[in-house]
Amino acid sequence: MTLQVKTLAEYQDAYQKSVDDPEGFWAEQASTFQWKKKWDKTLEWNFKDPDVKWFVGGKLNITENCLDRHLADRGDQVAILFEPNDPTTPNTTYTYKELHAAVCQTANALKANGIEKGDRVCFYMPMVPELAISVLACARIGAIHSVVFAGFSAQALADRIKDATCKMVICSDYNSRGAKNIPVKKVVDDALDMGCDSIETVFVHKNTGGEVEMKAGRDKWWNEEVDAQSTDCPAEEMDAEDMLFILYTSGSTGKPKGVVHTCGGYMVYTCFSFRNVFQYKEGDVYWCTADIGWITGHSYIVYGPLLAGATTVMFEGVPTYPDPGRFWEVCDKLKVNQFYTAPTAIRALMAKGDQWVDKYDLSSLKVIGSVGEPINEEAWHWYDEKVGKGNSPIVDTWWQTETGGILITPLPGITDTKPCFASYPMPGVQPILVDSQGVLVEGNDVEGLLCVKFPWPSMLRTTYGDHERCRMTYFSSFENLYFTGDGARRDVEGRYRIIGRVDDVINVSGHRMGTAEVENAIDEHPNVVESAVVGYPHDIKGQGIYAYIIINEPVEDEDAFRKEVLAVVVREIGPIAKPDKIQLVSGLPKTRSGKIMRRILRKVASGETSNLGDISTLLNPEVVEEVIKGALA
């Protein structure tokens, strides 16, 4: 297994080694895995093109390291512990032996339906074991998985299928979420009617058994296709730099970016970070509440835990169903040792009252984590006192879809914790702060733009089909640096606090939404001339979405119009992108070159109207007063 530091001295020693000799440090971690052929060179890189390659010439299959290598010692240990949406339904478990057999059967079913190495397979599924199994089956045969969060609209799904030219979609009949049964097969059918010509086959998993329309020759039942197959499927030999998966993330321009992660470096880093951040020990039960539609689910439900031989919990439900005690009831029932969730969930459950957490025995918890956005101080203290009982260190983790794994975090029981601070970099991660000109901001008790100056194994390699976009987005701002897009503060002891995005991206409940993406959707309404979207502080979501809209024809019923706009956004992107507030305006504050002054709109949306700075140079300064007067509380 990769190194697991146990003391502050060991962390400091590992960190120093990783900076002094990064190649030696990561070669040592990589050597703990099974390789079909050892690499010729540990690292080749430049951030100019960019071109980053780890474990050059190495051959492997990540699923042999997730599954096969554990069979001898922990074949009968539970690998996946599934907690269904309905609390009265018993858990399902897959041991490593059973998971291996199911992955091989599914891999054979994919091959029998024409899926080959390099083909892209799109997923639109609930949080059920069959999703994890099918993702691993893709990796087994060298197919590239692209998981789309099953809350996105048909249009958003179609866009992602087309961008990756996927050959197959794997979905369910319906998704069970709380009291709802969501007809996801219908969403897939609608998406495929939007010109997804590359799709040849749709596998449909019988999740609820609800009625669905099956298209002859294209649609097949997952269960029937898989059950007929052999449980033996040799793993495809993959190059360390072969593509493992594509995961779409919102950017500051309208079109989502397909972030590409590769096999070797991603494997090494996700296992290393999982073992260290959560201090996982043999026999522990680990639960990350994320959805596999996001990077957190990829790295810390599927790959990281399975590479480390852990027992990972998959949860189908929502935190408040059938009541707001569900998370804590599951922690008590399964005797969860490590619990990893989002600040949004913590704030929402905190608002429901302490009685829901107080009634459960949470003494099994050893580590509690937070992911998706910085956790605010009030929520941090509640989480610490009510959930962790002051005995479970909080790991407030900072990372991104693009980083593949956690980069800055406390290490539980090893480094100190401080509310609102992601704290210290992981071994092998070299963060720096720069000013807007790219000049290094040295010392402590300083603020700047957060960059990373040296590659780490799980960093993105490109954006699918558009390498120039990858270069422009992450590597063009500052020479020889990866720019995270976040501002950060470094305190007197050297801890990092993430201040937030400096580009036009809003973090809503831990989901990144590009403002341009939401504006493009709003602008689809026939009566919208132009819109501008900004984020504003929201008690539960962290950031809410505030939309300013110029309309073409006056509307008699503003509430009805707002509902129409929301319906358009849901259709184009999905419910997660719905604006919380919509203000109708006659104009937007713009510079003389026609650029919308979002800085002003952000301040108005946040209720900060006393200091808007100099507005005299605007093309239309008079609009500002109107925007302030009509601002929604």
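Buried denotes under 20% relative accessible area, exposed over 50%, and partly exposed the range in between (1.4 Å probe, protein chains only). Neighbours within four places in sequence aside, the contacts of Phe-278 (heavy atoms within 4.5 Å) include Tyr-286, Tyr-300, Tyr-340, Val-395 and Ile-406.

Across the whole structure, 40 aromatic pairs were found. Rings of Phe, Tyr and Trp (its six-membered ring) were paired if their centres lie within 6.5 Å, with planes under 30 degrees apart counted as stacked, over 60 as edge-to-face and the rest as tilted. Trp-35 and Trp-39 form an edge-to-face pair, because their ring centres are 4.9 Å apart and their planes lie at 65°; both residues are buried. Tyr-474 and Tyr-482, with centres 5.7 Å apart and planes at 15°, are therefore stacked, and these two tyrosines are likewise buried. Tyr-474 and Tyr-482 also belong to a cluster linked by ring pairs, together with Trp-45, Phe-47, Phe-454, Trp-456 and Phe-475.

Charges over rings (NZ of Lys or CZ of Arg within 6 Å of the ring centre and within 35 degrees of the ring normal) include Arg-160 over Phe-152, at 4.4 Å from the ring centre, and Lys-206 over Trp-221, at 4.6 Å.

Residues are numbered from 1 along each chain as its sequence is written, and side-chain values use heavy atoms, without hydrogens or water. Local features of the predicted model require pLDDT of at least 70 and side-chain atom pairs pLDDT 80 or more, whereas totals for chains, interfaces and linings use all residues.
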